[in-house]
Amino acid sequence: MDVGRWLATQRRDWHLLHDGQRERLAKLGIGPAEKPAVPAQKAVRRGSGGAFERGVAALARYKAREGKVVVARGHVEDLPDGTSARLGVWLSNTRSRRAGLSEEQREQLAGLGLNWAAE
């Protein structure tokens with residue numbers, strides 16, 4: 001058991017604990033968290049633009065550097081604004097959901113060399 005994670009959960013969810021639970025933790029010197037914790041994913045600023053635009057920007061950057069658009073599923077591309085995009089996952093998800101893409105989005109992807117976007 002990860003005691004650190006358990007303790008962080010108790011402190012974060014202090015208001016959900018029963019009175020007896022809070023008393024026992026207080027005897028150990030444990031109290032509620034100072035500020036509500038913000039999940040790591042929410043704390044990271046993604047910058048302007050939606051997920052599709054970020055994915056296209058990451059793919060264009062990858063293609064310019066590597067000269068290809070075949071990306072490993074686990075690849076993470078660092079963007080100029082200091083954020084990163086999980087390019088491999090985004091590309092896999094976009095391909096499996098290509099039926100829901102707009103014509104403009106499909107054209108953008110085809111322009112980068114993704115043959116499946118033109119189908």
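V89 is buried, at a relative accessible area of 17%, where buried means under 20%, exposed means over 50% and partly exposed covers what is in between (1.4 Å probe, protein chains only). V89 sits in helix α5; helices here are DSSP runs of H or I with at least four residues, strands are runs of E with at least two, and both are numbered from the N terminus. Between V89 and H75 there are 14 residues in sequence and 7.7 Å in space, C-alpha to C-alpha.

Before going on, a word about the model. It is a predicted one, in which local features need pLDDT of at least 70 and side-chain atom pairs count only at pLDDT 80 or more, while totals for chains, interfaces and linings use all residues. Residues are numbered from 1 along each chain as its sequence is written, and side-chain values use heavy atoms, with hydrogens and water left out.

## The overall layout

The protein chain holds seven helices and two strands. Read from the N terminus, the order of its elements is α-α-α-α-β-β-α-α-α. Of its 119 residues, 26% are buried.

The accessible surface of the protein chain is about 8600 Å², and carbon and sulfur atoms account for 51% of that; such areas come from the Shrake-Rupley method with a 1.4 Å probe, and for residues only the protein chains shown count as cover. Contact means heavy atoms within 4.5 Å. Taking contacts between residues at least 6 apart in sequence, 35% join residues at least 24 apart.

## The nonpolar core

In soluble globular proteins, nonpolar side chains tend to be buried together. A nonpolar core is a set of buried Ala, Val, Leu, Ile, Met, Phe, Trp, Tyr and Cys residues joined through side-chain atoms within 4.5 Å. In this model, the largest such core has 18 residues, and those with the most contacts inside it are L59, L87, W90, L91, L109 and L114. Helices α4, α5 and α7 (115–118) each give at least two residues to this core, with α4 supplying the largest share, five residues.

Apart from residues up to four places away in sequence, W90 touches A51, F52, G55, V56 and L109. T94, also in helix α5, is buried at 8% relative accessibility. Beyond its neighbours within four places in sequence, T94 is in contact with F52, L101, L109 and W116.

## An aromatic pair

A pair of aromatic rings is described by the distance of the centres and the angle of the planes. Rings of Phe, Tyr and Trp (its six-membered ring) pair if their centres lie within 6.5 Å; planes under 30 degrees apart count as stacked, over 60 as edge-to-face, and the rest as tilted. The whole structure contains one aromatic pair. F52 and W90 form it, in a tilted arrangement with 5.8 Å from centre to centre and 55 degrees between the planes. F52 belongs to helix α4 (residues 51–66) and W90 to helix α5 (residues 87–96), so the pair ties together parts that are 38 residues apart in sequence.

Both partners are buried: F52 has 11% relative accessibility, and W90 has 14%.

## Salt bridges

A salt bridge is a side-chain nitrogen of Lys or Arg within 4 Å of a carboxyl oxygen of Asp or Glu. By this rule there are five salt bridges. One of them joins R61 and E77, whose closest N and O atoms are 3.9 Å apart. Because R61 lies in helix α4 and E77 in strand β1 (residues 77–78), this pair ties together parts that are 16 residues apart in sequence. R61 is partly exposed at 37%, whereas E77 is buried at 2% relative accessible area. R61, R65, E66 and E77 are linked in a salt-bridge network.

R22 and D19 also meet through their side chains, at 2.4 Å, N to O. Both lie in helix α2 (residues 19–27), three residues apart, which is about one turn of the helix. D13 and R12 form another salt bridge, at 3.1 Å, N to O. D13 is partly exposed at 21% relative accessibility, and R12 is partly exposed at 41%.

## Around helix α1

Q10 lies in helix α1 and is buried, with 13% relative accessibility. Leaving out neighbours within four places in sequence, Q10 is in contact with L17 and L25. M1 is placed in the segment before α1 (3–12) and is exposed, at 87% relative accessible area.
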